[in-house]
Amino acid sequence: MTHNGLSQQHRQQIASNGAEPANGRHASEDAVQDGLKRPASWHTKITNTSSFVVLTKFLGEFFGTATLMFLGCMGCLDGFDNVTTNFSRGVIFGFTVMVVIITFGVVSGAHINPVVSIAAYIYGDLSCMMVLVYFVAQFTGALCGYGLLMGVAPQAYFDQALVGGHGSCVTAPHASLTTGAALAIEFIVTGILIWACCGVWDPRNAKHQDSGPVKFALLVAAISVAAGPATGASMNPARTLAPCVWNNSYHKIWIYFVGPPLAGIIMPIIYKYVFRGEVNSDDELVNPAPAPQEQVCVCVVHNKESQFEKV
């Protein structure tokens, strides 16, 4: 008799009938394991479809931009016994970008900015269809993110910001700037951001992507602190539109829908045909050529003059 009380002959008979395999596992165990495999296989079939991939990218950009507006603009809100500064707003937006990149960078590239998506299309890393998908996700995400902030924060804080300026987190040029100067500043700072993105997307940088979120956090913070007092350093039409809509404040909003997009068109063209290079298997420089890759970049900013802030 075996240790479990069955004769060897009986065990062999059970095994030959398929009730117990030769490795000693019961058939019921195999059935359970097979049952566990079926849902995984079904899930894999769904997640591998092109429609599901597009949906996940849409949601990544939607929630990423919403996070940018909610957390970034909350850090720029003068309230809760806290008075913000130009430096504090720049830092909070920079590190909010870092949070978004860490969370959604592998999902959609964490553009959270229509201008970055335009640049990615020109650079050859994003299709025209996906640019439109990203646009919808970014603008709706920005509106929902800022709207959520207004829903949970006291309305008195937003009313006070309208009394002293154009509204909380609303981007507007400083009164001392001419329209041309404000447009130029938005173009230049957005161009700096876009060139940084192009540098990250450059194939020669493929092996140097460590600490990417932290680098972008510092990049955005630097631009925000420098240009925030002048124009709010928006660099992002979606980031500009949401506070304007919710506060019904549209002072020179067209600047932020002309300067940054122009930079998003011109700057990647220059980088692509002047600076970009490809590498072959031997890591030698070869002629530039488009190469699809996922991109990680964002834009934010803020402004304090007259109590405007930006991301």
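I take helices as DSSP runs of H or I with at least four residues, numbered from the N terminus. The model is predicted, so I keep to its limits: local features need pLDDT of at least 70, side-chain atom pairs count only at pLDDT 80 or more, and totals for chains, interfaces and linings use all residues. Residues are numbered from 1 along each chain as its sequence is written, and side-chain values use heavy atoms, with hydrogens and water left out.

Entry on Thr-240. I looked up this residue and found it in helix H10, residues 237–247. Thr-240 has a relative accessible area of 0%, and I call it buried because that word covers values under 20% (1.4 Å probe, protein chains only). Its side chain makes a polar contact with the side chain of Ser-234 at 2.5 Å, the term here meaning a pair of N or O atoms within 3.5 Å, one able to donate a hydrogen and the other to accept it. Setting aside neighbours within four places in sequence, I noted contacts (heavy atoms within 4.5 Å) from Thr-240 to Thr-171, Ser-234, Ile-253 and Tyr-256.

Entry on H3 and H4. I checked helix H3 (residues 50–74) against helix H4 (residues 86–108), whose axes come within 9 Å and cross at roughly 170°, with axes fitted to C-alpha atoms over the stretch in contact and angles running from 0 to 180 degrees between N-to-C directions. H3 and H4 are therefore roughly antiparallel, a label for angles over 145 degrees. Among the residues making the contact are Gly-60, Gly-64 and Leu-68 of H3 and Phe-93, Val-97 and Phe-104 of H4.

Terms used. Helices (H or I, at least four residues) and strands (E, at least two) are DSSP runs, numbered from the N terminus. Buried means under 20% relative accessible area, exposed over 50%, partly exposed in between (1.4 Å probe, protein chains only). Angles under 35 degrees count as roughly parallel, over 145 as roughly antiparallel, 65 to 115 as roughly perpendicular and the rest as oblique.
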